[in-house]
Every structure is written in structure tokens, then in C-alpha cells.
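Me: I would like to learn how to read a few features of a model. Please take them one at a time.

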Amino acid sequence: MNAFAIAFWSMFTLAGVWLQGMIPGVDFLAPGLILCLQEEKWTVSAWLGLAWLFIQEGTGSLAFGTGLLWYGALVGLYYFGHWLFEAKNFLFMFILGICLGILHLILSHVMAVLQDWTLPADRILVEGLLQALIFPVEWGLVYLIYNHLPENPHAV
């Protein structure tokens with residue numbers, strides 16, 4: 001991994017954490033994990049995924065395991081959809097975003113019930129909708145930026 005990639009992923013992580021503070025309930029790190037998986041850099045995907053998992057688990061208020069289920073389902077959905085669609089297709093990212101929005105609703109509800117919490121349904125619905133809409137847009141922006149880094153073989 002070169003210096004530009006390290007700087008990119010560091011800035012991406014900082015921006016993602018900052019944006020999650022601005023818009024709670026939306027995972028801004030998930031598109032980065034998908035981009036790592038698309039680039040087939042398995043060690044980078046594993047290390048960044050692990051770091052982001054710890055960030056999500058540490059900053060979230062739901063029980064331990066929500067982040068693990070979230071990222072596990074994300075990776076599973078990606079590999080399942082990868083068989084059906086081109087991995088870097090915007091339509092696939094849009095469908096993946098919708099799946100993540102629905103997954104947010106389900107996981108939030110299930111984990112809240114396990115903790116005997118009552119969450120406002122309208123808030124969870126808005127968070128799921130925002131996740132579904134923001135994910136493909138953020139992935140597209142991150143994909144364009146990443147592929148135009150210096151020393152990137154895909155850069156034009």
C-alpha cells in the first residue's frame with residue numbers, strides 16, 4: 001500500500017466518522033469497505049473492515065454485535081450481488097443501498113428489542129431511507145476519487 005492510499009484511507013475514515021456525527025444512524029464507512037472489496041485488495045479490506053468495525057461498535061449505543069452483523073451482512077450482500085451484477089455498476093450500488101436501508105431498520109429494531117428499548121419508528125425509518133440514498137452517492141464519489149489518485153494504475 002503506497003503513501004497516497006494510506007493518506008486516502010486515513011482521510012476517508014476521519015471524514016466518515018465526522019459525517020456520522022453530523023448525520024447519526026448512517027454508516028459513511030460502508031462504501032469504503034465495498035470499494036476495497038471491489039479492488040480485490042484482501043488485506044486492506046480486512047484491516048480497514050476490522051478498524052471500522054471497532055469504530056462502529058465503540059461509538060454505537062446498541063449491544064455488541066450490531067456492527068459485526070452489519071458488516072457481515074454487507075460483505076455477504078456484496079458477494080451475493082457480485083454473482084448477479086457487475087461489481088462496479090451504479091445500479092448494483094443502488095440496490096445494495098436499498099438493502100442496507102432495510103437492514104438498518106431490521107437490525108435497529110431487533111437490537112432495540114433485545115435491550116428492552118423503544119426506538120421511535122419514524123427516526124429509524126428516516127435513518128434507513130438516508131442510508132439507502134447516501135450509500136450509492138457516496139460510493140460513486142469515493143470510487144471516482146480513489147481511481148484518480150496518483151500512482152493508481154486506473155488513473156487517467
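Me: Does Glu40 count as buried or exposed, and at what relative accessibility?

Reply: Buried means under 20% relative accessible area, exposed over 50%, and partly exposed in between, with a 1.4 Å probe and protein chains only. Glu40 has 51% relative accessibility and therefore counts as exposed. The model is predicted: local features need pLDDT of at least 70, side-chain atom pairs count only at pLDDT 80 or more, and totals for chains, interfaces and linings use all residues. Residues are numbered from 1 along each chain as its sequence is written, and side-chain values use heavy atoms, leaving out hydrogens and water.

Me: What is the phi of Glu40, and where is Glu40 found?

Reply: Most residues other than glycine have a negative phi. Glu40 is not a glycine, yet has a positive phi of about 55 degrees. Glu40 is found in the loop between H2 and helix H3 (42-59). Helices here are DSSP runs (H or I, at least four residues), numbered from the N terminus.

Me: How do H2 and H6 pack?

Reply: Two packed helices are described by the angle between their axes and the distance between the axes. Axes are lines fitted to C-alpha atoms, for helices over the stretch in contact, and angles run from 0 to 180 degrees between N-to-C directions. For H2 (residues 30-38) and H6 (residues 121-146) the angle is about 50 degrees and the axes are 9 Å apart. H2 and H6 are therefore oblique to each other; angles under 35 degrees count as roughly parallel, over 145 as roughly antiparallel, 65 to 115 as roughly perpendicular and the rest as oblique.

Me: Which residues in H2 and H6 meet?

Reply: Contact means heavy atoms within 4.5 Å. Ala30, Pro31, Ile34, Leu35 and Gln38 in H2 meet residues in H6 including Phe135, Trp139 and Tyr146.

Me: How are the rings of Trp9 and Phe12 placed?

Reply: A pair of aromatic rings is described by the distance of the centres and the angle of the planes. Rings of Phe, Tyr and Trp (its six-membered ring) pair if their centres lie within 6.5 Å; planes under 30 degrees apart count as stacked, over 60 as edge-to-face and the rest as tilted. By this rule the count comes to eleven aromatic pairs. Trp9 and Phe12 have ring centres 5.5 Å apart and planes at 85 degrees, so the pair is edge-to-face. Both residues, Trp9 and Phe12, are buried. The rings of Tyr78 and Phe92 have centres 6.0 Å apart and planes at 35 degrees, so that pair is tilted.

Notes: Helix = DSSP H or I, 4+ residues; strand = E, 2+ residues; numbered from the N terminus.
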